Amino acid sequence: MQQKILFYLLLPLLITISYLPFRFLYLLSDLLCFIFKDIIGYRKSTVIENLKRAFPNKSEKEIKVISDNFYAYFSDFILETIKLYSISAKKLKKHISFEDKSILEEHYKKGKSVILVLGHLGNWEWAGPGAGLDLPFVFQAIYKRLLNPHFDKLVLRLRSRLGPELLEMKSAPRNMLMDKNRITCTAFPMDQRPPPEYAYWTKFMNRDAGFFMGPEKIARKMGYPVIYAKVERVKRGFYKMHVREISDNAGNMKDGEVIEAFVRQLEKDIELSPELYLWSHKRWKHDRPNASRHSKTNA
């Protein structure tokens with residue numbers, strides 16, 4: 001009941017924020033950054049620990065700079081996500097676009113569905129609607145249901161309002177295997193944290209990390225192309241999506257190859273723009289199981 005009351009108290013505020021012009025939205029973001037970083041210290045110990053482990057050769061001063069820049073971007077990201085409640089398709093296309101989508105369009109011309117893999121780097125929430133507006137495919141995005149049903153309903157609206165179909169993570173593999181009559185592009189945020197016993201384990205940013213095996217299994221079983229997507233921040237409020245092909249037929253790849261290719265590319269992109277990654281997420285919370293069947297000890 002308390003969650004429901006809180007939701008309906010916050011909803012009018014969130015809707016109002018979504019209609020703010022961008023220049024006012026970012027003034028509000030500056031205030032939000034100050035609150036997160038300097039007043040409440042939102043997950044500050046997690047952010048600092050993750051950064052120190054990811055960049056062991058950086059000084060305390062360098063880590064602090066990345067941390068401060070992370071909070072500034074994280075605040076922008078939250079308000080940009082809220083903006084999805086009201087932003088028009090035409091407006092969003094001005095703020096996020098593809099640098100080169102010819103790889104994807106070639107697969108569409110051949111009647112091939114594709115799997116698009118990306119990490120929590122840059123504005124991944126805009127990436128789904130942006131790609132759906134820019135690509136000829138039936139665009140689908142995988143999501144994980146939130147525990148709070150009211151906020152879950154709101155997030156579903158934000159993510160699907162401009163067209164993407166949403167597939168809940170647990171039922172997505174079955175739905176995708178059955179959906180053979182449409183040409184789809186299905187986006188997976190592939191750096192989620194799975195239950196450790198069901199994960200593929202490898203090194204990620206200098207630490208053991210588990211990854212969901214579902215996207216790779218589906219791609220290999222269906223022989224789908226796998227495309228890596230990077231969301232580059234050009235300037236405040238403006239992004240470009242860059243894509244590169246991991247495989248034109250994942251059925252020809254070995255167990256773990258898709259995940260390894262994704263992780264290695266994501267690491268390179270994080271090192272280029274570390275402040276854009278989700279360092280507040282407890283990504284490395286679980287340890288590698290001693291008897292993991294799916295693992296890569298030296299990556």
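**Close-up views of a predicted model**

**View A. Asn 175 in its helix.** Asn 175 is partly exposed, with a relative accessible area of 29%. (Buried means under 20%, exposed over 50%, and partly exposed in between, with a 1.4 Å probe and protein chains only.) Asn 175 sits in helix α9. Helices (H or I, at least four residues) and strands (E, at least two) are DSSP runs, numbered from the N terminus. Gly 223 is 48 residues from Asn 175 in sequence, and 16 Å from Asn 175 in space, C-alpha to C-alpha. The model is predicted: local features need pLDDT of at least 70, side-chain atom pairs count only at pLDDT 80 or more, and totals for chains, interfaces and linings use all residues. Residues are numbered from 1 along each chain as its sequence is written, and side-chain values use heavy atoms, leaving out hydrogens and water.

**View B. Helix α4 packs with helix α7.** Residues 60-83 form α4, and residues 124-134 form α7. The angle is about 35°, and the axes lie 9 Å apart. (Axes are lines fitted to C-alpha atoms over the stretch in contact; angles run from 0 to 180 degrees between N-to-C directions.) From α4 come Phe 77, Glu 80 and Thr 81; from α7 come Trp 124, Glu 125 and Trp 126. Contact means heavy atoms within 4.5 Å. By class, there are 3 nonpolar, 1 polar and 2 charged residues. (Ala, Val, Leu, Ile, Met, Phe, Trp, Tyr, Cys and Pro count as nonpolar; Asp, Glu, Lys and Arg as charged; the others, Gly among them, as polar.)

**View C. The second largest cavity has a nonpolar lining.** A cavity is a set of points on a 1 Å grid, over the protein atoms alone, where a 1.4 Å probe fits but cannot get out; lining residues have an atom within 4 Å of a point. This cavity holds about 40 Å³ of space. Its lining includes Phe 77 and Trp 124. Leu 276, Tyr 277 and Leu 278 also line this cavity. The most comes from α4, with 4 residues. The class count is 8 nonpolar, no polar and no charged residues.

**View D. The largest nonpolar core has 86 residues.** Such a core is a set of buried Ala, Val, Leu, Ile, Met, Phe, Trp, Tyr and Cys residues joined through side-chain atoms within 4.5 Å. Among those with the most contacts inside it are Leu 104, Val 117 and Phe 262. Helix α4 gives the most to this core: 9 residues. What does Val 117 touch, beyond residues up to four places away in sequence? Its partners include Phe 188, Tyr 228, Ile 246 and Phe 262.

View E. Arg 193, Pro 194, Trp 201 and His 286 are among the residues that line it. Strand β7 gives the largest share, 3 residues.

View F. Most residues other than glycine have a negative phi. Arg 43 lies in the loop between α2 (22-39) and α3 (44-54). At 36% relative accessibility, Arg 43 counts as partly exposed. Asn 206 lies in the loop between β6 (200-204) and β7 (207-211). Its relative accessible area is 49%, so Asn 206 is partly exposed.

Conventions:
1 Å grid on protein atoms, 1.4 Å probe; cavity = no way out; pocket = protein on both sides within 12 Å on 5 of 7 lines; lining within 4 Å. Points joined across faces, edges and corners; volume = space filled by probe spheres on them.
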